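Please look over the sequence and the 3D structure shown here. A short report comes after them.

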Amino acid sequence: YTRGTVTAFSPFDARADAEALRKAMKGLGTDEETVLKILTSRNNAQRQEIASAFKTLFGRDLVDDLKSELTGKFETLMVSLMRPTYIFDAHALKHAIKGAGTNEKVLTEILASRTPEEIQNIKQVYLQEYEANLEDKITGETSGYFQRMLVVLLQANRDPDGRVDDGLVEQDAQVLFRAGELKWGTDEEKFITILGTRSVSHLRRVFDKYMTISGFQIEETIDRETSGDLEKLLLAVVKCIRSVPAYFAETLYYSMKGAGTDDDTLIRVMVSRSEIDLLDIRKELRMNFAKSLHQMIQKDTSGDYRKALLLLCGGDDE
């Protein structure tokens, strides 16, 4: 069961695709149209097979060829599509904590939205690929409650969904209320523990209960009582507990709203969700922002980059 816009292409012939790509990039000038059509209409597993056929037939590395033949955002998008799924998040995190300054946005987006299984997988891949411990890397580059919340999420020990206990729902909601609205200053630790470890179904009920007790959505309290990176992370976690597709719809909306486009975010979300829930994300965007993802991309991007993104997006939701 997938709610992705990209699925396995059939009938699939890795060698024929490899030959078509080689032809598109050989000699003077590149036939970008062929490149983008093939890479956006095959799923990630098939793209890996094409890369392997490409090397077998021509002794060349497909990703290196793409890098030397393409430029700009279009190149970034095509190279991102070629990254093996299981490496995608680990690679994004590695680049988010590399060199000067940390990209907190990327840490927040990935660690707030991935399932515990996905996070365990990211940690393993990180260790294999980069011979480093992801948690150590992240704690070395972050601090304070923001760091603590990231560490809690990295433990990937959220309670599994099961029967929800009303008594515990009430208790957690009261604890959050006392830690947030009632206290001078906020007991961040309570927020971190509860938001980082309770099951998704439990927390959804806690949020409802919180609203009943306090008269506020939990998001409003977080907004008022915390700030900076911690606030953004706690909000992302709450939004993902409520609905991961709605969280990504909002992320995409703000990546294109207003002047300028946050292309890194746009590319990362379009590529990483294209085989998971992009159809649901499109639906949420339409519902919550009265916008069509297709039309936002159409308006905000151009050239081959736009063509490729529109193909990944699939249809329009007007």
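## Basis of the model

This is a predicted model, in which local features need pLDDT of at least 70 and side-chain atom pairs count only at pLDDT 80 or more, while totals for chains, interfaces and linings use all residues. Residues are numbered from 1 along each chain as its sequence is written, and side-chain values use heavy atoms, with hydrogens and water left out.

## Helix H15

Helix H15 spans residues 228–242, 15 residues in total. Helices are DSSP runs of H or I with at least four residues, numbered from the N terminus. From first C-alpha to last, H15 reaches 22 Å, close to the 21 Å expected at 1.5 Å a residue; the expected span is 1.5 Å times one less than the number of residues.

The buried residues of H15 include Leu230, Leu234, Val237 and Ile241. Buried means under 20% relative accessible area (1.4 Å probe, protein chains only). Among the elements that cover them are helix H7 (104–113), helix H10 (144–155) and helix H16 (244–256).

## Cysteines

The structure holds zero disulfides, a disulfide being a pair of cysteine sulfur atoms within 2.5 Å. The cysteine sulfur nearest to that of cysteine 240 belongs to cysteine 313 and is 20 Å away, too far for a bond. Cysteine 240 is buried, at 7% relative accessible area, and cysteine 313 is buried at 0%.

## Asparagine 43

Asparagine 43 sits in the loop between helix H2 (32–41) and helix H3 (44–58). Its relative accessible area is 12%, so asparagine 43 is buried. Beyond its neighbours within four places in sequence, asparagine 43 is in contact with Val6, Thr7, Ala8 and Glu275; contact means heavy atoms within 4.5 Å.

Conventions:
Helices (H or I, at least four residues) and strands (E, at least two) are DSSP runs, numbered from the N terminus. Buried means under 20% relative accessible area, exposed over 50%, partly exposed in between (1.4 Å probe, protein chains only).
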